[in-house]
Each structure stands twice: as C-alpha cells, then as structure tokens.
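Please find below my notes on the model.

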Amino acid sequence: MIQAPVAPEAPARGVAVHARALTHSYGRGRHGVAVLRGVDLDIDAGSHVALQGPSGAGKSTLLILLGGLEAPRSGQLSVGEHDLLGVHGRALAAYRRAVVGFVFQHFGLVEVLSARENVMLAMSLSGVPMAARRQRADQALESVGLSHRATHRPSHLSGGERQRVAIARAIVNEPPLLLADEPTGNLDDEAAVRILDLLDVLREERGCTLVVVTHSALVAARADRRLQLRDGVVAP
Ligand SMILES: Nc1ncnc2c1ncn2[C@@H]1O[C@H](COP(=O)(O)OP(=O)(O)O)[C@@H](O)[C@H]1O
Ligand SMILES: [Mg+2]
C-alpha cells in the first residue's frame, strides 16, 4: 500500500528502515555482478545514519534500493509501512514520490532552469496546483537560506548554493526519508560544514530519517550511527 504524500502543513515523520538478507546485482546470469550479498540493516525512525565503506562496496546501490530507484533482487526491505520486495514500475514511482528525497554529489540540477524552477520540478508529478508549487518552492528555498537566489540558474551559484537548491528540491514534498549520496563530495570544508548543519536542522525540524553516504570522517562524525559496508554486507 502506497500512502498519499504528506500534506505540506503536517510535519513529516521519519520512517524506520529494515533490511534482511537483502541482495542486489547488475546484469544477469554469467555476466551478473553481485553487489549486495545479504545486507541486514535496522535504522530507527528519525535517526541520522552515516554509511561508509570502500569505493565499489555498494553504498550507492544500497541507497538506490532504499530510494526505490531500483527493485531489490531478493531478501526483505521495508521502509515505514512499505514493503519494497517485488514492487516495480508505477508502484515504485509512487513510493518514491511519497517517501523519498534524494541528494546527490553532483547536485543533479537542470542548468536551463532557475533555482525556483528546479525545486518546482520536484512537484510536477505530485498533483500540487501551479500557484501552490511556486509558493512551496519558495518556502523550501527559504528553509535552505536561498530566497535571494530563487531566479538564478545553477551556473550562477556556488557549489554550496547548488547543493542547497538540490536539498530544497529533495525536501519540498516533505519526504519522511532523506537520502544523500556523498552530498559534500564536491564542496570545500566550509561549504560542507554548512550543508551538514543544514541537513541536521532540517532533520530536527521535520523529523525525517536521514541516511548519508560519505567517505569523509568529518561528515560521518555528525551521524547518530555509522555503518560500514564491506564486500556487499554491513559489517557487524
Ligand atoms: N548500473 C550499474 N551497472 C553495472 N554495474 C554497476 C552499476 N552501478 C554500480 N555497479 C557496480 O556495482 C559495484 C558497486 O557500486 P556502487 O554501489 O556505486 O558502490 P559505492 O557507491 O560503494 O562506490 C561496483 O563494482 C560498480 O561498478
Ligand atoms: Mg557511490
């Protein structure tokens, strides 16, 4: 059962995440590459977890499964009330819209659109009327401290500002689960600290669950818990 998106007035509540013997591979048969080989994972609702591990360990893949960008191959995966095994296509898209906000290392903004339009784009499938979209985009930009940059295109913004636009886009639909894949990987230390402060504030205000993939000890130190992914499993 996919829930309707949370109304903007109601603060989002975080969701718990549980995975058991979760596997994922790319390709099939002889050419298949097993990436996740039996992940067991429990994340409390509203907590902030850092996911670490060597390059190629499967961190991004795990985030992709939590975010409903792909369906896992086998095992169990639940996010809040949503059981994600065997969920595909439109049902998976509905899950993403209702539950997930995603922040990427390379920001993923559309260059020909303004900051406001980039944020509004996240609501294009949400059934929010146009006037309300604009208002909610401006609220989201305000909550990341970028009201004065609403009409700027990404190329006219600093790296830290671009990432704040991307965060505004990720939170505008009030997702109970916020996923960030190396969100400060392209930023200098000062900008990185501001992004981390912002993520902490947003999580507290909104009560969302926050999972951050990172190589940085500085970033990981901010989390309530640190998990290590190695050889396709979460190290005990
Ligand atoms: N779309 C894909 N198709 C095929 N192989 C992939 C794909 N995405 C990732 N991989 C492979 O899966 C492994 C884990 O990748 P990834 O989850 O990105 O690791 P990490 O984020 O920990 O660096 C790597 O060996 C990578 O090459
Ligand atoms: Mg990665």
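The points below start with the ground rules and then go through each site.

1. This is a predicted model, in which local features need pLDDT of at least 70 and side-chain atom pairs count only at pLDDT 80 or more, while totals for chains, interfaces and linings use all residues. Residues are numbered from 1 along each chain as its sequence is written, chains are lettered from A and ligands numbered from 1 in the order in which they are written, and side-chain values use heavy atoms, without hydrogens and water.

2. Around ligand 1 (a heavy atom within 4 Å) are Tyr 26, Val 35 and the residues Pro 54, Ser 55, Gly 56, Ala 57, Gly 58, Lys 59, Ser 60 and Thr 61. Four of this shell are nonpolar, five polar and one charged; here Ala, Val, Leu, Ile, Met, Phe, Trp, Tyr, Cys and Pro count as nonpolar, Asp, Glu, Lys and Arg as charged, and the others, Gly among them, as polar. Helix 1 (residues 59-66; a DSSP run of H or I, at least four residues) gives the most to the shell, with three residues.

3. The largest pocket has a volume of about 560 Å³. A pocket is an open set of points on a 1 Å grid where a 1.4 Å probe fits, with protein on both sides within 12 Å along at least five of seven lines; lining residues have an atom within 4 Å of a point. Its lining has 19 residues, and Arg 96, Arg 97, Val 100, Ala 122 and Asn 173 are the closest to its centre. Strand 6 (E, at least two residues) gives the most, with four residues. The lining divides into ten nonpolar, six polar and three charged.

4. Seven salt bridges are counted, each a side-chain nitrogen of Lys or Arg within 4 Å of a carboxyl oxygen of Asp or Glu. One of them joins Arg 222 and Asp 197 at 2.6 Å, N to O. Arg 222 lies in the loop between helix 7 (217-220) and strand 9 (225-230) and Asp 197 in helix 6 (residues 189-206), so the pair ties together parts 25 residues apart in sequence.

Conventions: Points joined across faces, edges and corners; volume = space filled by probe spheres on them.
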